[in-house]
Amino acid sequence: MSETRPSDQDVLERCADYLDRLSLTSEQKENLLTRLRRKGETQNSLHDAAAMMASLHRLLAGRATEEEADQAVRAGARGERRTRDRSGAGDPPDPAYVSIFRRIRQRYREASGRNPAASVPDARHSLSAALRRGAHRRAALATQPPLHRASMAPSSGDDDGRSGRIGGRIGHTPTAPEPPLRWHRVAVWRRLILLALILAQTYVATNAMVRILPYHGGQFLEIPILVLFAVLFGWISAGFWTALAGFVLLLRGRDRYAVTQAVKYSDMVVGNVIPPGARTAIIMPICNENVARVFAGLRATYESLEQTGELDRFDFFILSDSYEPDIRVAENEAWADLCHALDGFGRIFYRWRQHRIKRKSGNVADFCRRWGKDYRYMIVLDADSVMTGECLTALVRLAEAHPNAGIIQTAPRAAGRETFYARMQQFATCVYGPLFTAGLHFWQLGESHYWGHNAIIRVAPFMRHCALARLPGRGALAGEILSHDFVEAALMRRAGWAVWIAYDLPGSYEEMPPNLIDELSRDRRWCQGNLMNFRLFLMKGLHPAHRAVFVTGAMAYLSAPLWFAFLLLSTALLALHTLAEPQYFVAPYQLFPIWPEWHEEWAVSLFGATAVCLFLPKILSVLLLMRRNARPFGGGVRLVLSMAGELVMSALLAPIRMLFHTQFVLAALFGVTVGWRSPPREDAQTPWSEALRRHGWHTLLGVVWTGFVAWLNPSFLWWLLPVVGALLFSIPISVYSSRVTLGRSARKRGFFLIPEETEMPPVVAATAYYNKIAPSFSGVQKAVIDPFVNALTCATHTVRRKISTAMQAQREELFQTALTQGVDTLSDQQRNRLISDPALLSRLHYAVWSSAAGISADDIATD
């Protein structure tokens, strides 16, 4: 920090440095410096940095008469009052604020550089149209459309009270917008058949397990083992028959009940023009995301939609819940850059929400309340979502063709990751996923899942029926609903609107977690959310299909502790038969002894049958692809070898996931809450230290378990080896599977390939390209120092006109701390306050560049 009075040359150099940061032409810079020097000589103020910076801002603002410059420098009574009006109530004069528009325009003085054939320039979507004088004559850059408020609130209605206030206006019996359709009856019969198949298969397998047990279910430990086995095998059977139904559906190649059959795909893509009334908002809720990746995907999606010629029917909304100040500043800059690059001002909107109520569901509801009345549909994207324009327009046409459809969910394809773990997951979802998704559609039809993103929603019924409130009670399973998507689908169907999966609609993409630990972090949030949803099982009026969805959602995580308990009981049964004398009379009044029997051949047969249920769907998926075209997957041989490698890895990962999911379930049931942070959007690798911290107890358990079973009966280790072996090597499995080098090596050799890699879709390629060339976005430090970032941050936030005396004192303290000690010394809360206060931020910007007591010129030069 410099306390000495700067020389005339120092002041001029600082002004020149300021102009350099505005990307002025040489002529503009020299002209401004000449005029500035002449004014300084006339007023004898060349040595006064504050006066010279004030004059510079007046020159930039185009208000450079001698009288205005004199008034700004001398801060006369009338001039000071005018500057106070511009800066907000109670603020000292801030000459920097008058140049905000010029600084923003200077950054975007050049044309966007777009292909003229792709878009005709429209003045409505230019920067000039977005720059305006806001409230209290403040400089403002329009980031949002005009408000058009509507109500979206939960009400008690006719719920039974066990679920709390859920589901919007349900004080009447909901009626379907259309009379019952044929698919309703078909769905009922199909589900009855599915239930019969599961029960029959589980009955046969459980009977086989009875014959395998030494006392055939007559001993006290064998009864809970049989119960757990029946539940777990029923869960496996449900997945098996779902995949088998999907295989038959895809093998036939036609589905009369597919939602896409109402409109031919060629018509969906290039057919009838979307009606003007079918306005659609594409919304992307985000929270502390990778800014470059978010806006790269959004730009690729926008450009793909533009190529369809239907762009005028859509608006884009970035709905930010970010609370990290550096990310907030970066989002502002990325939004402005995107709008400039795409001529998208007035079509691409950015909304930052100060109060993060109800997380993502609250963010979507906030959009609906503000602008939902302006749109017939909304398409919800995740931060890692990318969709083609053909897919987006097809969704709108499908919704128009199905007036009773409340939600149409696409089946996103995973792509874009390079770690070995993510590439295996991409391969699995691409190869096996279509079978299970088609199978879900086969059993559910119009009472299907909604996964919270890459789906179109009819806004009016969503606002009327899908408002969510807190679940009553205390603990981790109460409060704000986390997995809101399943609940919203259930409420939409309860109100009589159909929920479909467009499983055969291409052009929808997402990304996978880069490593096992990040996937498990996501699973912990999903686990708590699905267990919370299970509380809604008895909610009044819910359709049986969606009650089943709540059960399967909870069972996806409850199966882990059940499996773990099954293994522990099996080990206890082995210890009992090894260490205790055999019991021949296990029931009261038993006339004849029961001899314990071990039939290993029956156990092998049952194990083989279970393996068939688990692995046959994967084999069928590969056979289906080989029948069609295996070339995009590296050819038939590499496809089979990739499947074999994925089978081995999934078997190794299953016990590790089992322990983690068991931990998650127990934590939720005992009231341990979990944070809800956004997952990483880049290829993050797991360090050894992190793997040791997260998997160390798995290894210890594996060692103890192996030693105990080997002491009891070494021959039993062969049955337990798939479980304890994975636990023993959980640390290296987690570390090496996260390696990018292994993933790239596998891709180079043609393993775990997916079509999106062999022939990358243009929208995916564009996302990767824009992400790669994205600049390093700014943080709070640059929002204080950089002329453009400061102007943009000030123009995109709202000024408070009335400020209390206590608040003014806090602002002054924050200003002095930031000026004398630096922005980096502030807490996140203080930095958020700073960037949310345009008057204070602009004043700090001016003080940093002009005050001898503030940051020195050297500090500015190296920010």
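**Salt bridges, strands and surface patches**

Arg107, Glu333 and Asp337 are joined up in a network of salt bridges, a salt bridge being a side-chain nitrogen of Lys or Arg within 4 Å of a carboxyl oxygen of Asp or Glu. The structure is a predicted model, so to speak of local features takes a pLDDT of at least 70, and side-chain atom pairs count only at pLDDT 80 or more, while totals for chains, interfaces and linings use all residues. Residues are numbered from 1 along each chain as its sequence is written, and side-chain values use heavy atoms, with hydrogens and water left out.

By the salt-bridge rule, the count comes to 30. One of them brings together the side chains of Glu511 and Arg293, at 2.8 Å from N to O. Glu511 sits in the loop between β12 (508-510) and α19 (516-534), and Arg293 belongs to helix α11 (residues 291-306), so this pair ties together parts that are 218 residues apart in sequence. Helices (H or I, at least four residues) and strands (E, at least two) are DSSP runs here, numbered from the N terminus. As for burial, residues are called buried under 20% relative accessible area, exposed over 50%, and partly exposed in between (1.4 Å probe, protein chains only). Glu511 counts as buried because its relative accessibility is 11%, and Arg293 counts as buried too, at 2%.

Another salt bridge links the side chains of Arg423 and Glu757, with 2.7 Å from N to O. Arg423 is part of helix α15 (residues 420-431) and Glu757 is part of helix α27 (residues 755-758), so here the pair ties together parts that are 334 residues apart in sequence. Both Arg423 and Glu757 are buried. A further salt bridge is found between Asp523 and Arg522, whose closest N and O atoms are 3.9 Å apart. Asp523 and Arg522 are likewise buried.

Turning to the strands, β7, β12 and β9 make up an open sheet of three strands in the order β7-β12-β9, with mixed pairing. At the edges are β7 (386-387) and β9 (413-414), each of which pairs on one side only. Strands are taken to pair if DSSP finds at least two bridges between them. Between β9 and β12, which run parallel, there are two bridges, and Arg413 has Tyr509 of β12 as its bridge partner.

Strand β6 (residues 377-380) is covered on both faces: Tyr377 and Ile379 point to one side, Met378 and Val380 to the other, and all are buried. Four bridges connect β6 with strand β3 (residues 280-286), the two running parallel. Within that pairing, Ile282 has Ile379 of β6 as its bridge partner. Four bridges also join β6 to strand β10 (residues 455-458), this time antiparallel. Ile379 turns up here as well, with Ile456 of β10 as its bridge partner.

Accessible areas come from the Shrake-Rupley method with a 1.4 Å probe, and for residues only the protein chains shown count as cover. Val604, Phe607, Trp718, Trp719 and Leu721 form a nonpolar patch with about 610 Å² of accessible area together. Helices α21 and α24 (717-728) each supply at least two of its residues, and α24 gives the largest share, three residues. Trp718 is placed in helix α24 and is exposed, with a relative accessible area of 67%.

There is also a patch of negative charge on the surface, where Asp8, Asp10, Glu13 and Glu41 gather. For charges, Lys and Arg count as positive and Asp and Glu as negative, with His and the chain ends not counted; the place of a charge is taken as NZ of Lys, CZ of Arg, CG of Asp or CD of Glu. Helix α1 (residues 8-20) gives the most to this patch, with three residues. Glu13 lies in helix α1 and counts as partly exposed, at 45% relative accessibility.

Finally, Arg631 is found in the loop between α21 (600-628) and α22 (636-669). Arg631 is exposed, its relative accessible area being 69%. Arg631 and Thr758 are 127 residues apart in sequence, yet their C-alpha atoms are 8.7 Å apart in space.

Conventions:
Patches are made of residues with over 30% relative accessible area and no salt bridge: like charges are joined within 9 Å, nonpolar side chains (Val, Leu, Ile, Met, Phe, Trp, Tyr) within 5 Å.
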